[in-house]
Amino acid sequence: MYLPPHDPHVDDPMRFKPLFRIHLMERKCATVECMYGHKGPHNGHIQIVKKDEFSTKCNQTDHHRMSGGRQEEFRTWLREEWGRTLEDIFHEHMQELILMKFIYTSQYDNCLTYRRIYLPPSSPQDLIQPGLFKGTYGSHGLEIVMLSFHGNKAKGTKITGDPNIPAGQQTVEIDLAHPLQLPDIENLRDFSELSRIVLEVQEQVRREEQEREQQQQQQEEHSQQAASQPASPLGGEGAEGEETAAGAEGTTQDKASASQPFVLPMGVISRNEDYPRTCRICFYGTGLIAGHGFTSPERTPGVFVLFDDDRFGFIWLELKSFSLYSRIKVSFQNAQAPSREAFDEMLKNIQSLAT
């Protein structure tokens with residue numbers, strides 16, 4: 001199991017913790033040992049469920065328990081997971097969220113199911129190399145997000161979740177067709193100025209979506225009318241459209257190579273004050289928020305901030321909060337998707353599991 005570093009140190013390396021091990025014996029026999037808990041290896045079981053999926057089960061769950069009961073287990077878990085004690089956490093809401101996470105994770109410590117995930121495929125047109133990132137999520141601590149590119153969209157999918165947004169959900173979506181021109185550094189400190197810029201782009205995106213829907217309806221109507229007539233060859237419009245898209249893409253890449261001063265607006269909360277003070281480019285995006293238990297989920301406007309090849313941020317406009325993401329630099333073997341279609345199918349599957 002790969003654990004993120006202690007909140008809010010996103011640039012620190014991941015932590016490694018073995019969960020089970022297999023001893024291969026003669027004649028294709030094997031013994032399985034559960035490594036969970038603090039009493040050493042003990043008897044376990046592994047079952048292959050189906051392709052790219054297997055389950056582990058502990059046969060001696062008493063090895064997971066501590067002499068001091070659940071209270072001692074919680075304090076030990078808190079030190080390992082968060083690097084602090086309960087007395088260090090003064091915020092009542094944060095204490096509640098941490099306790100919820102402990103209850104949820106500890107009830108499944110004896111039987112776990114594993115499903116394969118693929119790393120996202122990359123292409124030369126991508127803004128940065130896609131992959132896994134550690135991100136700050138306020139009182140939820142650090143979580144793992146997979147950044148992938150899909151045409152003029154980039155998606156951040158949660159690999160680990162929390163009581164509000166579970167793993168598998170799309171935490172952020174970046175609209176690469178709508179870069180944001182930030183105000184100068186003094187005006188950027190004014191939250192209302194940034195909010196005005198973002199909401200104007202949000203309205204523009206809404207109008208463009210309406211226009212696309214209307215055009216699609218008209219095209220369908222024209223197709224039905226022309227179904228009985230011979231098709232005429234298309235002129236140079238398609239080629240012209242491709243050139244325009246390629247030109248826009250080149251402009252975006254040029255902008256991304258330069259840097260500009262950056263500072264968080266006053267009133268925006270950040271877990272990590274050590275964020276970069278320059279950025280390459282910003283885009284309009286949306287972030288997913290919800291109540292406990294993934295109730296009343298909605299996508300809200302925000303700002304995607306690209307700092308460098310290994311770090312980006314997201315300003316949650318409605319929450320007045322900032323998340324900083326740093327690339328996971330662990331080399332995972334045999335994790336590349338066999339095809340783009342296989343990766344897209346995997347994304348659909350992990351989202352359907354979450355819902």
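Is phenylalanine 262 buried or exposed? Phenylalanine 262 is buried, with a relative accessible area of 3%. Buried means under 20% relative accessible area, exposed over 50%, and partly exposed in between (1.4 Å probe, protein chains only).

This is a predicted model: local features need pLDDT of at least 70, side-chain atom pairs count only at pLDDT 80 or more, and totals for chains, interfaces and linings use all residues. Residues are numbered from 1 along each chain as its sequence is written, and side-chain values use heavy atoms, with hydrogens and water left out.

**Figure 1. The whole protein.** The secondary structure comes to 6 helices and 18 strands. Helices (H or I, at least four residues) and strands (E, at least two) are DSSP runs, numbered from the N terminus. Of the 355 residues, 39% count as buried. Among contacts with a separation of 6 or more, 55% come from residues 24 or more positions apart. Contact means heavy atoms within 4.5 Å.

**Figure 2. Helices H1 and H2.** Two packed helices are described by the angle between their axes and the distance between the axes. H1 and H2 pack at about 105 degrees, with their axes 11 Å apart. Axes are lines fitted to C-alpha atoms, for helices over the stretch in contact, and angles run from 0 to 180 degrees between N-to-C directions. H1 and H2 are therefore roughly perpendicular to each other. That label covers 65 to 115 degrees; under 35 counts as roughly parallel, over 145 as roughly antiparallel and the rest as oblique. Residues of H1 in the contact include Phe74, Trp77 and Leu78, and those of H2 include Ile98, Leu99 and Phe102. By class, the contact of H1 with H2 has 8 nonpolar, 2 polar and 4 charged residues. Ala, Val, Leu, Ile, Met, Phe, Trp, Tyr, Cys and Pro count as nonpolar, Asp, Glu, Lys and Arg as charged, and the others, Gly among them, as polar.

**Figure 3. Aromatic pairs.** The whole structure holds 19 aromatic pairs. Rings of Phe, Tyr and Trp (its six-membered ring) pair if their centres lie within 6.5 Å; planes under 30 degrees apart count as stacked, over 60 as edge-to-face and the rest as tilted. The ring centres of tryptophan 77 and phenylalanine 102 are 5.3 Å apart and their planes are at 55 degrees, so the pair is tilted. Tryptophan 77 lies in H1 (residues 69-82) and phenylalanine 102 in H2 (residues 92-106), so the pair ties together parts that are 25 residues apart in sequence. Tryptophan 77 is buried at 13%, and phenylalanine 102 is buried at 6%. For phenylalanine 262 and tyrosine 275, the centres are 6.0 Å apart and the planes at 80 degrees, so the pair is edge-to-face. Tyrosine 275 is buried, with a relative accessible area of 6%.

**Figure 4. Around tyrosine 275.** Arginine 277 lies over the face of tyrosine 275, at 3.8 Å from the ring centre. A charge sits over a ring if NZ of Lys or CZ of Arg is within 6 Å of the ring centre and within 35 degrees of the ring normal. Serine 270 lies in strand S13. Leaving aside neighbours within four places in sequence, serine 270 is in contact with Leu264, Tyr275 and Phe322. Serine 270 is buried at 10%.

**Figure 5. Glutamine 202.** Glutamine 202 is in helix H4 (residues 191-225). At 30% relative accessibility, glutamine 202 counts as partly exposed. Beyond neighbours within four places in sequence, glutamine 202 is in contact with Tyr284 and Pro301.
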